[in-house]
Amino acid sequence: MNEQEIIKKCMENSYRILTGEKTVDDIFSESTCPYFLWNVMDKKSGIPKERAVFIDVIDTLIEYFEEDEEYERCAELLKLKKKDESKHRRKTRKTNTIRE
């Protein structure tokens, strides 16, 4: 497997986990090259918990799939990103609410 094939597999696996198509266990059991953009063994779900890492992974995947003209995947990733941003705003508002 050459470098470009490894990168493609890494992007595919990462996309499948973020979108819920596959679990980490699925990929490890089905693939001879379980590469990802982050350390999936760090968390039980395999999805990055730190917001900055999550957003960086999504942005990297969007750039990659844009170059491949896979716009449906880009749209799916943008939905995830917007959903996360909305969740973060609600959490920030809740944290910043003054309690009486």
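## Salt-bridge network

Lys8, Glu12, Arg16, Glu21, Glu70 and Arg73 are linked in a network of salt bridges. The model is a predicted one. In total, the structure holds 7 salt bridges. Side chains of opposite charge can pair when their charged atoms come close.

Start with Arg16. One partner of Arg16 is Glu12, with the closest N and O atoms 3.6 Å apart. Glu12 and Arg16 are 4 residues apart in helix 1, so about one helical turn separates them. Arg16 also forms a salt bridge with Glu21, and here too the closest N and O atoms are 3.6 Å apart.

## Burial of the charged residues

Arg16 has a relative accessible area of 23% and is partly exposed. Glu21, at 46%, is partly exposed as well.

## Aromatic pairs

The structure holds 3 aromatic pairs. The ring centres of Tyr15 and Phe65 are 5.5 Å apart and their planes meet at 75 degrees, so this pair is edge-to-face. Tyr15 lies in helix 1 and Phe65 in helix 3, so the pair ties together parts that are 50 residues apart in sequence. Tyr15 and Phe65 are both buried. Phe28 and Phe36 form a tilted pair, with 5.9 Å from centre to centre and 45 degrees between the planes. Phe36 is buried, with a relative accessible area of 13%. Phe28 is at 38% and counts as partly exposed.

Ring pairs also link Tyr15, Tyr64 and Phe65 into a cluster. The charged end of Arg73 sits over the ring of Tyr15, 4.6 Å from the ring centre.

## Nonpolar core

In soluble globular proteins, nonpolar side chains tend to be buried together. Here the largest nonpolar core has 20 residues. Ile17, Leu18, Ile58, Leu61, Phe65 and Leu77 have the most contacts inside this core. Four helices each supply at least two of its residues: helix 1 (3-19), helix 2 (24-30), helix 3 (51-67) and helix 4 (71-96). Helix 3 gives the largest share, 8 residues.

What does Leu61 touch, leaving aside its neighbours within four places in sequence? Leu61 is in contact with Met11, Ser14, Tyr15, Leu18, Leu37 and Leu77. Among these, Leu18 and Leu77 are also listed with the most contacts inside the core. Tyr15 also pairs with the ring of Phe65.

## Confidence

The mean pLDDT of the protein is 83. A value of 70 or more is reached by 79% of the residues. Where is confidence highest, and where lowest? Confidence is highest in helix 1, at a mean of 93. Confidence is lowest in helix 4, at a mean of 78. Where pLDDT is low, the predicted coordinates should not be read in detail.

Conventions. Residues numbered from 1 in each chain as written. Predicted model: local features only at pLDDT ≥ 70, side-chain atom pairs only at ≥ 80, totals over all residues. Heavy atoms only, no water. Core = buried A, V, L, I, M, F, W, Y, C linked by side-chain atoms within 4.5 Å. Buried < 20%, exposed > 50% of the residue type's maximum accessible area, 1.4 Å probe, protein only. Contact = heavy atoms within 4.5 Å. Phe/Tyr/Trp six-rings, centres within 6.5 Å; stacked < 30°, edge-to-face > 60°. Lys NZ or Arg CZ within 6 Å of the ring centre and 35° of its normal. pLDDT = per-residue confidence, 0-100. Salt bridge = Lys/Arg side-chain N within 4 Å of Asp/Glu carboxyl O.
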